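Please consult the sequence and the structure alongside the text.

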Amino acid sequence: MHLMPIIQFYDAVVSDILAQTSTVKTFTFDMDKPIEFQAGQFVMAHTTKEGQPFKKPYSIASPPYIQDKIQLCIKKVDGGFMSNHFHNLKMGDRMKLQGPMGVFKIKEPIQRDLAFVATGTGIAPLRGMILNLYHQKKVDSIKVWCFLGVRYDDEVLFWDEFQKLEKEHSNFKFIPTVSRPKNWTGETGYVQEKVKKYLTSPKDVDIYACGLAAMIEQTIKVLGEAGFPPEQMHYEKWT
Ligand SMILES: Cc1cc2nc3c(=O)[nH]c(=O)nc-3n(C[C@H](O)[C@H](O)[C@H](O)COP(=O)(O)OP(=O)(O)OC[C@H]3O[C@@H](n4cnc5c(N)ncnc54)[C@H](O)[C@@H]3O)c2cc1C
(Lines give C-alpha, C1' and ligand atoms only; values in the text may rest on other atoms or scores of the structure.)
Protein backbone atom coordinates (compact mmCIF):
# COMPACT_ATOMS: atom_id res chain seq x y z
CA MET A 1 0.00 0.00 0.00
CA HIS A 2 1.30 3.47 -0.85
CA LEU A 3 0.62 6.00 1.89
CA MET A 4 -0.24 9.55 0.84
CA PRO A 5 2.44 12.02 1.93
CA ILE A 6 1.38 14.11 4.95
CA ILE A 7 0.57 17.78 4.35
CA GLN A 8 2.92 19.96 6.39
CA PHE A 9 4.17 23.53 6.60
CA TYR A 10 7.70 24.21 5.41
CA ASP A 11 9.95 27.18 6.06
CA ALA A 12 11.51 27.60 2.60
CA VAL A 13 14.50 29.80 1.72
CA VAL A 14 15.20 31.04 -1.81
CA SER A 15 18.53 29.52 -2.89
CA ASP A 16 18.40 30.13 -6.65
CA ILE A 17 16.45 32.33 -9.06
CA LEU A 18 16.54 31.60 -12.78
CA ALA A 19 14.93 34.18 -15.09
CA GLN A 20 13.68 31.87 -17.85
CA THR A 21 11.94 34.56 -19.89
CA SER A 22 11.02 38.21 -19.33
CA THR A 23 7.96 37.09 -17.32
CA VAL A 24 8.81 33.64 -15.95
CA LYS A 25 11.23 32.82 -13.14
CA THR A 26 12.10 29.43 -11.69
CA PHE A 27 12.78 29.61 -7.96
CA THR A 28 14.69 26.99 -6.00
CA PHE A 29 13.72 26.77 -2.34
CA ASP A 30 15.77 25.03 0.34
CA MET A 31 13.27 23.28 2.61
CA ASP A 32 13.71 23.21 6.40
CA LYS A 33 12.96 19.43 6.29
CA PRO A 34 12.65 16.92 3.44
CA ILE A 35 9.36 17.09 1.53
CA GLU A 36 7.81 13.86 0.29
CA PHE A 37 5.46 14.28 -2.65
CA GLN A 38 4.37 12.73 -5.91
CA ALA A 39 5.23 14.27 -9.28
CA GLY A 40 2.35 16.55 -10.36
CA GLN A 41 1.40 17.76 -6.88
CA PHE A 42 1.47 21.39 -5.74
CA VAL A 43 2.28 23.48 -2.68
CA MET A 44 0.24 26.31 -1.21
CA ALA A 45 2.29 29.50 -0.86
CA HIS A 46 1.28 31.60 2.16
CA THR A 47 1.86 35.30 2.77
CA THR A 48 -0.13 38.30 3.94
CA LYS A 49 -1.94 40.92 1.88
CA GLU A 50 -3.06 44.11 3.60
CA GLY A 51 -2.53 42.42 6.95
CA GLN A 52 -4.69 39.40 6.07
CA PRO A 53 -3.50 35.83 5.37
CA PHE A 54 -3.26 35.19 1.61
CA LYS A 55 -2.44 31.95 -0.24
CA LYS A 56 -2.16 30.57 -3.79
CA PRO A 57 -1.23 27.14 -5.17
CA TYR A 58 1.94 26.47 -7.23
CA SER A 59 2.88 23.17 -8.86
CA ILE A 60 6.17 21.59 -7.89
CA ALA A 61 8.33 21.72 -11.03
CA SER A 62 11.17 19.60 -9.65
CA PRO A 63 11.07 15.80 -9.39
CA PRO A 64 10.18 13.98 -6.13
CA TYR A 65 13.53 12.21 -5.88
CA ILE A 66 14.90 15.57 -4.71
CA GLN A 67 13.37 16.23 -1.27
CA ASP A 68 15.59 18.86 0.35
CA LYS A 69 14.79 21.49 -2.30
CA ILE A 70 11.86 22.20 -4.59
CA GLN A 71 11.51 24.37 -7.66
CA LEU A 72 8.52 26.52 -8.57
CA CYS A 73 8.19 28.01 -12.06
CA ILE A 74 6.09 31.16 -11.83
CA LYS A 75 4.72 33.58 -14.40
CA LYS A 76 4.48 37.24 -13.39
CA VAL A 77 0.86 38.18 -14.02
CA ASP A 78 0.08 41.88 -14.59
CA GLY A 79 -1.69 43.18 -11.48
CA GLY A 80 -1.49 39.78 -9.77
CA PHE A 81 -0.55 39.90 -6.09
CA MET A 82 1.06 36.52 -5.40
CA SER A 83 2.99 36.12 -8.65
CA ASN A 84 4.48 39.60 -8.17
CA HIS A 85 5.28 38.75 -4.56
CA PHE A 86 7.33 35.80 -5.85
CA HIS A 87 8.99 37.86 -8.58
CA ASN A 88 10.13 40.37 -5.94
CA LEU A 89 11.83 37.65 -3.85
CA LYS A 90 15.62 37.83 -3.48
CA MET A 91 18.17 35.15 -2.62
CA GLY A 92 17.82 34.20 1.06
CA ASP A 93 14.21 35.43 1.38
CA ARG A 94 11.76 33.10 3.10
CA MET A 95 8.33 31.77 2.12
CA LYS A 96 5.89 29.62 4.03
CA LEU A 97 4.95 26.67 1.81
CA GLN A 98 2.34 24.04 2.66
CA GLY A 99 2.06 20.70 0.96
CA PRO A 100 2.07 18.47 -0.86
CA MET A 101 -1.47 18.76 -2.23
CA GLY A 102 -3.42 17.66 -5.28
CA VAL A 103 -4.36 14.52 -7.15
CA PHE A 104 -2.77 15.25 -10.56
CA LYS A 105 -0.41 12.28 -10.88
CA ILE A 106 0.66 9.60 -13.35
CA LYS A 107 -1.80 6.69 -13.38
CA GLU A 108 0.02 3.39 -12.97
CA PRO A 109 0.59 0.90 -14.41
CA ILE A 110 1.61 2.78 -17.54
CA GLN A 111 -0.05 0.95 -20.42
CA ARG A 112 0.33 3.26 -23.40
CA ASP A 113 2.53 5.98 -24.89
CA LEU A 114 2.43 9.24 -22.94
CA ALA A 115 1.81 12.75 -24.22
CA PHE A 116 2.36 15.76 -21.96
CA VAL A 117 0.61 18.93 -23.11
CA ALA A 118 1.08 22.40 -21.60
CA THR A 119 0.95 26.07 -22.28
CA GLY A 120 3.42 28.37 -20.52
CA THR A 121 4.14 27.56 -16.90
CA GLY A 122 1.65 24.67 -17.14
CA ILE A 123 4.81 22.75 -18.01
CA ALA A 124 5.83 22.87 -14.31
CA PRO A 125 4.13 19.71 -12.95
CA LEU A 126 4.73 17.88 -16.26
CA ARG A 127 8.49 18.51 -16.04
CA GLY A 128 8.51 16.87 -12.59
CA MET A 129 6.56 13.91 -13.97
CA ILE A 130 8.81 13.44 -17.03
CA LEU A 131 12.08 13.67 -15.06
CA ASN A 132 10.73 11.22 -12.50
CA LEU A 133 9.54 8.71 -15.11
CA TYR A 134 12.99 8.62 -16.72
CA HIS A 135 14.69 8.48 -13.31
CA GLN A 136 12.56 5.47 -12.37
CA LYS A 137 13.10 3.89 -15.82
CA LYS A 138 9.35 3.43 -16.21
CA VAL A 139 9.08 4.59 -19.81
CA ASP A 140 11.90 2.75 -21.57
CA SER A 141 9.56 0.72 -23.76
CA ILE A 142 7.06 3.43 -24.79
CA LYS A 143 7.15 6.80 -26.54
CA VAL A 144 7.01 10.01 -24.51
CA TRP A 145 5.89 13.26 -26.14
CA CYS A 146 6.01 16.72 -24.61
CA PHE A 147 4.12 19.52 -26.36
CA LEU A 148 4.61 23.07 -25.04
CA GLY A 149 2.67 26.02 -26.42
CA VAL A 150 3.96 29.57 -25.92
CA ARG A 151 3.16 32.91 -27.51
CA TYR A 152 6.57 34.24 -28.53
CA ASP A 153 9.83 32.74 -29.86
CA ASP A 154 11.78 33.42 -26.65
CA GLU A 155 9.22 31.96 -24.24
CA VAL A 156 10.05 28.24 -24.49
CA LEU A 157 10.64 26.98 -20.94
CA PHE A 158 13.23 24.32 -19.94
CA TRP A 159 14.32 24.23 -23.60
CA ASP A 160 17.95 23.13 -22.93
CA GLU A 161 16.87 20.51 -20.48
CA PHE A 162 14.28 18.95 -22.81
CA GLN A 163 16.75 18.98 -25.70
CA LYS A 164 19.26 17.16 -23.49
CA LEU A 165 16.60 14.60 -22.58
CA GLU A 166 15.90 14.08 -26.29
CA LYS A 167 19.60 13.37 -26.88
CA GLU A 168 19.75 10.92 -23.97
CA HIS A 169 16.51 9.08 -24.78
CA SER A 170 15.53 8.29 -28.34
CA ASN A 171 11.92 7.66 -27.21
CA PHE A 172 11.48 11.27 -25.96
CA LYS A 173 10.27 14.04 -28.25
CA PHE A 174 9.89 17.71 -27.24
CA ILE A 175 7.72 19.82 -29.51
CA PRO A 176 7.52 23.51 -28.67
CA THR A 177 4.99 25.51 -30.68
CA VAL A 178 4.77 29.29 -30.95
CA SER A 179 1.44 31.00 -31.59
CA ARG A 180 2.85 34.46 -32.51
CA PRO A 181 6.15 33.60 -34.26
CA LYS A 182 8.72 36.15 -35.46
CA ASN A 183 11.90 34.30 -36.46
CA TRP A 184 10.78 30.86 -35.36
CA THR A 185 11.50 27.93 -37.66
CA GLY A 186 9.78 25.22 -35.61
CA GLU A 187 6.09 24.43 -35.14
CA THR A 188 3.64 27.32 -35.01
CA GLY A 189 0.04 27.57 -33.83
CA TYR A 190 -1.88 26.06 -30.96
CA VAL A 191 -0.66 23.15 -28.93
CA GLN A 192 -3.74 20.94 -29.32
CA GLU A 193 -3.34 21.07 -33.13
CA LYS A 194 0.23 19.76 -32.77
CA VAL A 195 -0.98 16.85 -30.63
CA LYS A 196 -3.41 15.91 -33.42
CA LYS A 197 -0.68 16.29 -36.04
CA TYR A 198 1.91 14.07 -34.34
CA LEU A 199 -0.28 11.51 -32.57
CA THR A 200 -2.16 9.79 -35.33
CA SER A 201 -3.29 6.82 -33.23
CA PRO A 202 -5.34 8.55 -30.48
CA LYS A 203 -6.40 5.39 -28.64
CA ASP A 204 -2.78 4.38 -28.03
CA VAL A 205 -1.81 7.33 -25.85
CA ASP A 206 -2.53 8.69 -22.37
CA ILE A 207 -2.54 12.48 -22.19
CA TYR A 208 -1.49 14.63 -19.22
CA ALA A 209 -2.31 18.32 -19.73
CA CYS A 210 -1.82 21.40 -17.58
CA GLY A 211 -2.51 25.09 -18.03
CA LEU A 212 -5.10 27.82 -17.61
CA ALA A 213 -8.68 26.54 -17.56
CA ALA A 214 -9.62 27.91 -21.00
CA MET A 215 -6.66 26.14 -22.66
CA ILE A 216 -7.44 22.84 -20.95
CA GLU A 217 -11.12 23.00 -21.88
CA GLN A 218 -10.23 23.77 -25.51
CA THR A 219 -7.65 20.96 -25.59
CA ILE A 220 -10.08 18.38 -24.22
CA LYS A 221 -12.77 19.46 -26.69
CA VAL A 222 -10.49 19.42 -29.75
CA LEU A 223 -8.80 16.14 -28.84
CA GLY A 224 -12.10 14.50 -27.90
CA GLU A 225 -13.47 15.38 -31.33
CA ALA A 226 -10.32 13.92 -32.89
CA GLY A 227 -10.95 10.54 -31.22
CA PHE A 228 -8.78 10.75 -28.09
CA PRO A 229 -10.71 8.79 -25.42
CA PRO A 230 -11.85 11.07 -22.55
CA GLU A 231 -10.81 8.49 -19.93
CA GLN A 232 -7.25 8.67 -21.27
CA MET A 233 -7.05 12.45 -20.81
CA HIS A 234 -5.82 13.60 -17.38
CA TYR A 235 -5.46 17.25 -16.59
CA GLU A 236 -5.00 20.04 -14.06
CA LYS A 237 -6.90 23.26 -14.70
CA TRP A 238 -5.44 26.44 -13.27
CA THR A 239 -8.01 29.07 -12.34
C1 LIG B 1 -3.20 23.70 -8.73
C2 LIG B 1 -2.62 24.97 -9.29
C3 LIG B 1 -1.26 25.04 -9.55
C4 LIG B 1 -0.70 26.21 -10.08
N5 LIG B 1 0.62 26.24 -10.38
C6 LIG B 1 1.17 27.34 -10.94
C7 LIG B 1 2.55 27.35 -11.33
O8 LIG B 1 3.28 26.36 -11.16
N9 LIG B 1 3.02 28.47 -11.92
C10 LIG B 1 2.24 29.57 -12.14
O11 LIG B 1 2.76 30.57 -12.67
N12 LIG B 1 0.93 29.60 -11.77
C13 LIG B 1 0.38 28.51 -11.18
N14 LIG B 1 -0.94 28.53 -10.80
C15 LIG B 1 -1.68 29.80 -10.86
C16 LIG B 1 -1.42 30.56 -9.54
O17 LIG B 1 -2.00 29.86 -8.44
C18 LIG B 1 -2.02 31.97 -9.52
O19 LIG B 1 -3.37 31.92 -9.91
C20 LIG B 1 -1.26 32.92 -10.44
O21 LIG B 1 0.10 33.02 -10.03
C22 LIG B 1 -1.90 34.31 -10.40
O23 LIG B 1 -1.94 34.75 -9.06
P24 LIG B 1 -1.82 36.30 -8.70
O25 LIG B 1 -2.22 36.46 -7.24
O26 LIG B 1 -0.49 36.83 -9.09
O27 LIG B 1 -2.86 37.00 -9.68
P28 LIG B 1 -4.45 37.16 -9.58
O29 LIG B 1 -4.75 38.37 -8.77
O30 LIG B 1 -5.06 35.86 -9.12
O31 LIG B 1 -4.80 37.33 -11.10
C32 LIG B 1 -4.76 38.56 -11.77
C33 LIG B 1 -5.41 38.37 -13.16
O34 LIG B 1 -4.57 37.61 -14.03
C35 LIG B 1 -5.25 36.47 -14.58
N36 LIG B 1 -4.29 35.34 -14.60
C37 LIG B 1 -4.03 34.47 -13.60
N38 LIG B 1 -3.03 33.63 -13.96
C39 LIG B 1 -2.65 33.97 -15.21
C40 LIG B 1 -1.68 33.50 -16.12
N41 LIG B 1 -0.85 32.47 -15.82
N42 LIG B 1 -1.54 34.11 -17.32
C43 LIG B 1 -2.34 35.15 -17.65
N44 LIG B 1 -3.29 35.64 -16.83
C45 LIG B 1 -3.46 35.08 -15.63
C46 LIG B 1 -6.41 36.22 -13.61
O47 LIG B 1 -7.49 35.61 -14.33
C48 LIG B 1 -6.75 37.63 -13.14
O49 LIG B 1 -7.59 38.28 -14.06
C50 LIG B 1 -1.53 27.35 -10.31
C51 LIG B 1 -2.91 27.27 -10.03
C52 LIG B 1 -3.45 26.10 -9.55
C53 LIG B 1 -4.92 26.04 -9.28
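Of the 23 residues around the ligand, Ser59, Gly80, Met82, Ser83 and Trp238 come nearest, a residue being near a molecule if its C-beta atom, placed from the backbone, lies within 6 Å of it. This is a predicted model, in which local features need pLDDT of at least 70 and side-chain atom pairs count only at pLDDT 80 or more, while totals for chains, interfaces and linings use all residues. Residues are numbered from 1 along each chain as its sequence is written.

**Ligand shell**
- Strand 4 (52-59), strand 5, helix 1 (81-87) and strand 12 are the elements that give two or more residues to the shell; helices (H or I, at least four residues) and strands (E, at least two) are DSSP runs, numbered from the N terminus.
- The shell comprises 12 nonpolar, 8 polar and 3 charged residues, where Ala, Val, Leu, Ile, Met, Phe, Trp, Tyr, Cys and Pro count as nonpolar, Asp, Glu, Lys and Arg as charged, and the others, Gly among them, as polar.
- Domain 1 (8-101) and domain 2 (113-238) each supply at least three residues to the shell; the domain bounds come from an automatic or database domain assignment.

- The C-alpha centres of domain 1 and domain 2 are 23 Å apart.
- The contact involves 15 residues of domain 1 and 13 residues of domain 2, with two residues in contact if their C-beta atoms, placed from the backbone, lie within 7 Å.
- On the side of domain 1 that touches domain 2, strand 5 (residues 69-75) gives the most, with 3 residues.
- That side of domain 1 divides into 9 nonpolar, 5 polar and 1 charged residues.

- Six strands form an open sheet in the order 10-9-8-7-11-12, with parallel pairing; two strands pair if DSSP finds at least two bridges between them.
- Strand 10 (187-188) and strand 12 (233-238) each have a single partner strand, so one side of each is left without a neighbour in the sheet.
- Strand 7 (residues 113-119) pairs with strand 8 (residues 144-150) in the parallel sense over 6 bridges, and Ala115 has Trp145 in strand 8 as its bridge partner.
- Helix 5 (residues 213-225) packs on the sheet, touching strand 7, strand 11 (205-212) and strand 12, and its direction makes about 150° with that of strand 11; axes are lines fitted to C-alpha atoms, for helices over the stretch in contact, and angles run from 0 to 180 degrees between N-to-C directions.

**Overall form**
- The protein has 5 helices and 12 strands.
- Its C-alpha atoms fill a box of roughly 50 × 50 × 30 Å, taken along the principal axes.
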